[in-house]
Amino acid sequence: MKNEIKESKEVPKKGKMNNTLEAYKKAIKIKYEIEKEGEYFDFLYSPSRGKLRDLCWLIFEDNPTKDDLNVFRNLLCLDFDHTQKNKFKDQKDKFRPIETFFKGETDPSNIDAINLAAVIVDFQPRPFKKFNEKCRIEEAKQMKSVVKEVTVEIENNGIEKKVLVENEHEESKEVPKKRNSLFDLADEFSKKIVQKIQPEKIIMVAVGAVALVSSACVNLVKKKE
């Protein structure tokens with residue numbers, strides 16, 4: 001039973017990771033379409049393994065970052081060294097996945113090749129680890145914003161309905177008292193939703209709470225009439 005629960009938690013995470021990787025590749029490809037018309041037109045417009053290898057060397061000669069150097073090492077299995085250009089030239093075949101990726105012929109799964117493609121077209125944020133972290137942060141911010149908006153909407157709807165009921169039945173004390181208790185319950189319920197319910201379910205539960213209160217109000221009005 002414990003193993004089944006563990007597997008059910010791991011699958012969604014893998015799915016999210018795959019979606020983020022696809023987004024990363026698409027973003028790099030879009031950047032390539034821009035850069036192939038720019039400064040490195042001769043290397044990128046009609047890319048080949050040899051051209052991409054030569055462009056890579058030019059880029060890494062110009063003060064590469066630590067992350068970029070790690071990408072270089074991971075894919076090519078050697079450290080970047082200005083004195084080892086001849087040895088680097090033998091690495092032409094390592095650029096084949098990048099060539100076919102830019103041409104739209106293949107969808108690479110080698111993360112090191114994808115990261116080096118990001119370096120070649122100067123896509124940011126890179127490598128994939130940083131891109132993934134940024135996506136997770138943005139998702140968390142958006143979720144907090146949605147939760148806040150839903151909570152405010154529930155509270156505002158509760159106040160508006162409460163005022164409407166009181167204006168329509170000023171002479172009746174018993175009914176407004178019951179309705180007030182309903183809105184108090186809805187308000188308390190909405191606060192518990194924000195504290196306990198998982199973020200992805202809060203919108204559905206919040207809408208359900210509003211519908212429940214509205215239905216109860218309509219029934220009370222009918223009984224009074």
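Here is a short tour of this predicted model, one selection at a time.

Before clicking, note that numbering starts from 1 along each chain as its sequence is written. Because the model is predicted, local features need pLDDT of at least 70 and side-chain atom pairs count only at pLDDT 80 or more, while totals for chains, interfaces and linings use all residues; side-chain values use heavy atoms, with hydrogens and water left out.

**Stop 1: helix α3**

Select residues 49-60, which make up helix α3. Helices here are DSSP runs (H or I, at least four residues; strands are E, at least two), numbered from the N terminus. How far apart are the end C-alpha atoms of α3? They are 16 Å apart, in agreement with the 16 Å that twelve residues should span at 1.5 Å a residue. (The expected span is 1.5 Å times one less than the number of residues.)

Now colour Gly50, Leu52, Arg53, Leu55, Cys56, Trp57, Ile59 and Phe60: these α3 residues are buried. Buried means under 20% relative accessible area, exposed over 50%, and partly exposed in between, using a 1.4 Å probe and protein chains only. The buried residues of α3 pack against several helices, including α4 (66-76) and α7 (111-120).

**Stop 2: aromatic rings**

Next, show the rings of Phe, Tyr and Trp (the six-membered ring for Trp); two of them pair if their centres lie within 6.5 Å, and planes under 30 degrees apart count as stacked, over 60 as edge-to-face and the rest as tilted. How many aromatic pairs does the structure hold? There are 15.

Zoom in on Tyr24 and Phe128, a tilted pair with 5.3 Å centre to centre and 55 degrees between the planes. Tyr24 sits in helix α1 (residues 2-35) and Phe128 in helix α8 (residues 128-168), so this pair ties together parts that are 104 residues apart in sequence. Tyr24 is buried at 0% relative accessible area, and Phe128 is buried too, at 9%.

Then hop to Trp57 and Phe88, also tilted, at 5.1 Å centre to centre and 40 degrees between the planes. This pair links helix α3 with helix α5, across 31 residues.

**Stop 3: the core**

A nonpolar core is a set of buried Ala, Val, Leu, Ile, Met, Phe, Trp, Tyr and Cys residues joined through side-chain atoms within 4.5 Å. The largest one has 34 residues, and those touching the most other members include Tyr24, Phe95 and Ile120. Which helix gives the most to this core? That is α7, with seven residues.

Click Ile120: leaving out residues up to four places away in sequence, its contacts (heavy atoms within 4.5 Å) include Leu44, Leu52, Phe95 and Phe102. Asn115, found in helix α7, is buried at 7% relative accessibility. Beyond its neighbours within four places in sequence, Asn115 is in contact with Tyr24, Val71, Pro127 and Phe128.

**Stop 4**

Most residues other than glycine have a negative phi, and most peptide bonds are trans. Go to Pro125, in the loop between α7 and α8: the peptide bond reaching it from Gln124 is cis. Another cis peptide bond joins Arg126 and Pro127.

Asn63, in the loop between α3 and α4, has a positive phi of about 45 degrees and is exposed at 69%. Finish at Cys77, in the loop between α4 and α5, where phi is positive at about 60 degrees. Cys77 is exposed, at 63% relative accessibility.
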